[in-house]
Amino acid sequence: MKAYPIQFEAILKERIWGGTKLKDYLNKPIISEITGESWEISTVPDDISVVANGDLKGRNLNEIIADFPKEILGERVLENFGQQFPLLFKFIDAREDLSIQLHPNDELAKKRHNSFGKTEMWYVMQAEEQSRLVVGFKKASNQEEYVQHLENNSLLELLEEIPVKAGDVFFLETGTIHAIGSGVLIAEIQQTSDVTYRLYDWGRVDAEGKSRELHTELALEAINYELTPSKITYTANENQATELVHCPYFNTDALPVDGTVNWKSHEGSFTVFMCAEGKVTFTVEGVTYTYQKGDTVLIPAEISSIVIEGKATLLEIFL
């Protein structure tokens, strides 16, 4: 395998709360006005990403990892996760509020669903005025108080609502109650898992007049009732990587590019770049590739260096 930056075909998901920003802001090929998610890199069963460029075009991510595990994933990733790609990358457009929900930890997810848990982070790409996120409790709570407010349709009285703007970052540990509010476009980085417990859905029904399933009982044991501050404060400097999130499942840096950056790989791990703003070129062994806002690219572990040029805000994710 001659390693090169790999892009994948977007896996587009209609959602009852979705809109058109994935096309309007990120140039995704949506065909529905209720498109809520673009899965950029995925190995979730039945939603496995297919390579969109280069010699590997048309093959899916699991297939190319099976053929070139060390070259793509890196030794450290193989040691910790085997040949399973451990992360899922998305862009999410919330035209309406998402349901209030949470994700179980690894232990519960393994026991109940034979899945990873779902630790995740959000980077706000764009937000309308007065947009907000729901993240965690205002103060430490308990199961009895939570159930009482849930039954009284007053759950929001317990939860923290945070106004947001482009560039805001949130880290959500498993068990944290959360919801993306209407008018927010985000980049989401998470463990490879699609296990969600929906707690409250605003009384919403689908086109057939049906309410979506709630997971009230499953959630009780999974909720973290403690106070869990989630907003990340950071100052990013041009042409330097600034740490946003460091956790056992992934690391994410902000990399604002203005001019030239001589990037070096993270030994033993692949890297993923998500372009949050602007336009850049990556030059790898004399070949130049161009990326713009909304592009996501997988850098195989075998690639040791890249010359990055342009003016853009990149999210750099690695293990």
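Reader: Which rings count as a pair, and how many aromatic pairs does this structure hold?

Author: Rings of Phe, Tyr and Trp, the last by its six-membered ring, form a pair if their centres lie within 6.5 Å. The model examined here is a predicted one. By that criterion, the number of aromatic pairs in the structure is 9.

Reader: Are the rings of Trp 263 and Phe 273 stacked or edge-to-face?

Author: Planes over 60 degrees apart count as edge-to-face. The centres of the Trp 263 and Phe 273 rings are 5.6 Å apart and their planes stand at 70°, so this pair is edge-to-face.

Reader: Which strands hold Trp 263 and Phe 273, and how many residues apart are they?

Author: The pair links distant parts of the chain. Trp 263 belongs to strand β16 (residues 251–264) and Phe 273 to strand β17, and the two are 10 residues apart.

Reader: Is Phe 273 buried or exposed?

Author: The term buried applies under 20% relative accessible area. Phe 273 has 1% relative accessibility, and therefore it counts as buried.

Reader: What kind of pair do Phe 273 and Phe 282 form?

Author: Their ring centres lie 5.2 Å apart. Because the planes are at 75°, and over 60 counts as edge-to-face, the pair of Phe 273 and Phe 282 is edge-to-face.

Reader: Which residues do ring pairs link into a cluster with Phe 273 and Phe 282?

Author: The cluster is built from ring pairs and includes both Phe 273 and Phe 282.

Reader: Which strand gives the largest share of the lining of the largest cavity?

Author: The structure holds 1 cavity of 30 Å³ or more. Among the residues lining the largest cavity are Phe 273, Phe 282 and Tyr 291. The largest share of this lining, 5 residues, comes from strand β17 (residues 271–284).

Reader: Which element gives the most residues to the lining of the largest pocket?

Author: At least two residues of the lining come from each of β1 (11–19), β5 (87–94), β7 (120–127) and β11 (178–180). With 4 residues, the element that gives the most is β1.

How values were computed
Residues numbered from 1 in each chain as written. Predicted model: local features only at pLDDT ≥ 70, side-chain atom pairs only at ≥ 80, totals over all residues. Heavy atoms only, no water. 1 Å grid on protein atoms, 1.4 Å probe; cavity = no way out; pocket = protein on both sides within 12 Å on 5 of 7 lines; lining within 4 Å. Points joined across faces, edges and corners; volume = space filled by probe spheres on them. Phe/Tyr/Trp six-rings, centres within 6.5 Å; stacked < 30°, edge-to-face > 60°. Buried < 20%, exposed > 50% of the residue type's maximum accessible area, 1.4 Å probe, protein only.
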